[in-house]
Amino acid sequence: MDVVWLQLFNGISVSSILLLIALGLAVTFGQMNVINMAHGELIMVGAYATYLTQRLFQMYLPASWFDQYFLLSILASFVAAFLIGLLLEKVLIRFLYGRPLDSLLATWGVGLVLQQLARTLFGAPNVGVKSPSWLEGGLTVTSGLSLPYKRLFILGLVAVCLLAMFLYIYRTAAGRRMRAVMQNRDMAACLGISTRRVDSMTFAIGSGLAGVAGCALTLIGPIGPTIGTYYIVDAFMVVVLGGVGKLVGTVFGALGIGLTNSLFEYWTDASLGKVLVFLCIVAFLQWKPKGFVAMRTRSLD
Amino acid sequence: MLTVEKLESGYGESPVLRGVTLEVRPGQVVCLLGRNGTGKSTLVKSIMGVLKAWGGKVGYAGRDLTRKAPGERARSGLGYVPQGREIFGQLTVRENILIGLEASRGRDGRRATSELQPTGRRDEDASKAVSKRGVGSEGEEAPKAADRRGGGRGSDEIPQAAIERFPVLPTMYDRRGGDLSGGQQQQLAFARVLAAEPELLILDEPCEGIQPSIVDDIRDVIRSIKSDGRTAILLVEQSLEFVRSTGDYVYILEKGAVAWQGDMEALGDDVVRRYLTV
């Protein structure tokens with residue numbers, strides 16, 4: 001029984017990382033009609049930003065400070081992915097709004113370029129990131145069940161990110177502009193909002209969240225140039241499953257995929273588990289083609 | 001103030017406007033008439049920049065806006081109430097009005113000086129505002145008129161200019177725009193655009209599809225904006241009676257071009273029969 005609980009817990013923790021990745025995708029895919037295949041590489045950017053922060057701490061700062069590097073690296077990974085996302089939006093994505101197929105090809109190319117860049121800079125083999133000592137060990141619940149601190153930390157990190165996103169979207173003027181543009185782009189523009197600026201900010205924030213997800217992934221395993229490709233498909237599944245256009249749906253989608261993923265993998269094995277998950281998704285979408293939460297308002301007619 | 005020269009535009013491959021030239025002067029109420037499908041809304045959308053101009057020019061206050069984004073047009077002083085209101089349904093009433101303030105953000109020159117007015121002028125402003133406010137709202141709202149424009153740029157306060165004519169709106173600030181009735185939404189659409197105090201207000205059939213009692217309210221609002229004299233209006237409207245009582249100058253569109261134009265007095269029955277009777 002304890003093993004099942006542990007699997008469930010791991011499932012939730014995977015869900016939370018998927019959620020961070022998928023939030024950015026949900027916005028670009030759902031609201032701007034751009035399929036951003038390079039989103040996975042922004043995860044990689046965040047992961048390598050964490051790696052670099054760690055190396056800098058190891059090389060230039062006293063060893064006693066090392067444990068604090070991880071807090072800084074969260075910030076570093078967000079900023080790095082945010083800036084690269086901003087650059088990407090300014091030079092490429094903004095020409096592709098409303099053209100999903102073109103954007104798919106173009107951003108896939110960008111993804112390949114970024115992967116190769118990582119290979120050139122850091123080498124093809126995976127690199128390990130040493131977790132800070134305060135995240136070693138786990139919280140013992142029963143004698144057979146211990147929840148790893150790392151996974152708990154990831155859950156907390158995602159919760160903080162979600163809360164920050166929520167506050168940004170619903171409590172600030174910039175978030176208000178973002179919601180207005182999402183609901184009615186033309187009217188928002190006619191009232192004086194610079195939709196260009198809102199678009200690039202939205203895209204960059206989504207990218208930054210992917211970067212944070214990459215940072216969280218360094219706690220779970222080694223990272224390499226292709227780390228993003230493992231997650232990008234799952235993240236797209238989350239968005240489609242959750243229902244395009246509603247962020248609440250993304251939360252449900254992430255939970256659904258994360259949980260079924262880890263349970264199926266536990267009952268069968270990794271590859272068969274994946275097959276079963278995708279089968280479930282296909283079946284579900286046959287039943288509800290618009291996903292968990294479909295926009296029902298007249299505004300989409 | 002607004003000059004449109006030989007403007008051509010349309011949807012997809014099909015042209016609608018075939019060279020429209022018109023002009024709106026400061027403080028003027030210019031009415032745009034024409035039967036259905038003659039290009040009135042298309043013209044208005046092209047002036048706002050929602051539709052790209054295929055040819056011709058849109059100029060405003062000496063600037064060429066033809067290639068500018070709608071946002072920049074709004075920030076340079078154009079306010080737009082579209083057909084069908086286009087309220088943000090998921091945003092609250094308060095948020096809808098605050099979005100309207102975006103157009104005054106970073107507005108240069110005119111706005112800056114009007115905010116730096118000496119207090120004397122501002123009081124005069126305020127008393128004017130009180131005197132022409134709608135019936136039934138005097139007493140309790142009068143003190144607030146003094147903070148008209150007090151909020152300043154970037155603040156989250158709703159300016160008096162937005163709501164002074166709509167005493168009902170402050171009672172529903174926290175309701176979602178989509179939950180309002182059609183008439184309330186139209187009032188909100190006006191409040192939203194007036195928040196930024198535009199110099200030229202573009203109204204596309206403001207009384208279409210709302211209950212008759214509110215139609216009169218909306219018409220009173222348009223009259224009071226006119227009597228204010230600070231804001232010019234470009235009005236697309238079906239009711240000849242209202243156009244006759246409020247307009248200064250008339251353009252009649254037919255097949256995407258101006259078929260007739262002239263002062264309101266010249267709009268005789270023969271013209272109406274020729275261009276407007278269905």
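Predicted model: local features only at pLDDT ≥ 70, side-chain atom pairs only at ≥ 80, totals over all residues.
Colleague: Which residues of α10(A) and α11(A) meet?

Modeller: From α10(A) come A:Ile257, A:Thr260, A:Asn261, A:Phe264 and A:Glu265. Facing them in α11(A) are A:Ala270, A:Gly273, A:Lys274, A:Leu276, A:Val277, A:Cys280 and A:Ile281. By class, the residues of this contact between α10(A) and α11(A) are seven nonpolar, three polar and two charged.

Colleague: Is A:Asn261 buried or exposed?

Modeller: The cut-off for a buried residue is under 20% relative accessible area. A:Asn261, which is placed in α10(A), has 7% relative accessibility and therefore counts as buried. Apart from neighbours within four places in sequence, A:Asn261 is in contact with A:Asp234, A:Lys274 and A:Val277.

Colleague: How does helix α1 of chain A cross α10(A)?

Modeller: The axes of α1(A), residues 2–32, and α10(A) come within 7 Å, with a crossing of roughly 140°. α1(A) and α10(A) are therefore oblique to each other, and α1(A) passes α10(A) in a right-handed crossing. The residues of this contact between α1(A) and α10(A) comprise 18 nonpolar, six polar and no charged.

Colleague: Which residues is A:Ile205 in contact with, leaving aside its neighbours within four places in sequence?

Modeller: They are A:Phe78, A:Phe82, A:Met165 and A:Tyr168. A:Ile205 sits in helix α8 of chain A, residues 195–220, and counts as buried because its relative accessibility is 12%. Sequence separation and spatial separation can be set side by side here: A:Ile205 and A:Ala81 are 124 residues apart in sequence, with 8.7 Å between their C-alpha atoms.

Colleague: Let us turn to chain B. How many helices and strands does the secondary structure of chain B come to?

Modeller: Chain B has eleven helices and ten strands. Of its 278 residues, 55% are buried. Among contacts in chain B with a separation of 6 or more, 68% join residues 24 or more positions apart.

Colleague: In what order do the strands of the open sheet in chain B stand?

Modeller: In general, strands of a sheet pair through backbone hydrogen bonds, in either a parallel or an antiparallel sense. Here four strands of chain B form an open sheet, ordered β2-β1-β4-β5, with antiparallel pairing. β2(B), residues 14–24, and β5(B), residues 63–64, stand at the edges with a single partner strand each, so one side of each has no neighbour in the sheet.

Colleague: How many bridges pair β1(B) with β2(B)?

Modeller: Eight bridges pair these two strands in the antiparallel sense; B:Leu22 in β2(B), for instance, is the bridge partner of B:Val4. The hairpin of β1(B) and β2(B) has two residues between the strands, and B:Gly12 in this hairpin takes a positive phi near 55°. Two bridges join β4(B), residues 55–60, to β5(B), again antiparallel. There B:Gly59 stands opposite B:Asp64 of β5(B).

Colleague: Which strands does helix α1 of chain B lie across?

Modeller: α1(B), residues 40–48, lies across β1(B), β2(B) and β4(B). The helix runs at about 115° to β1(B), which spans residues 2–11.

Definitions and conventions: Residues numbered from 1 in each chain as written. Chains lettered and ligands numbered in written order. Heavy atoms only, no water. Pairing = 2+ DSSP bridges. Contact = heavy atoms within 4.5 Å. Axes fitted to C-alpha atoms, helices over the stretch in contact; angles between N-to-C directions. Nonpolar A, V, L, I, M, F, W, Y, C, P; charged D, E, K, R; others polar. Buried < 20%, exposed > 50% of the residue type's maximum accessible area, 1.4 Å probe, protein only. Parallel < 35°, antiparallel > 145°, perpendicular 65-115°, else oblique. Left-handed = near helix turned anticlockwise from the far one by under 90°.
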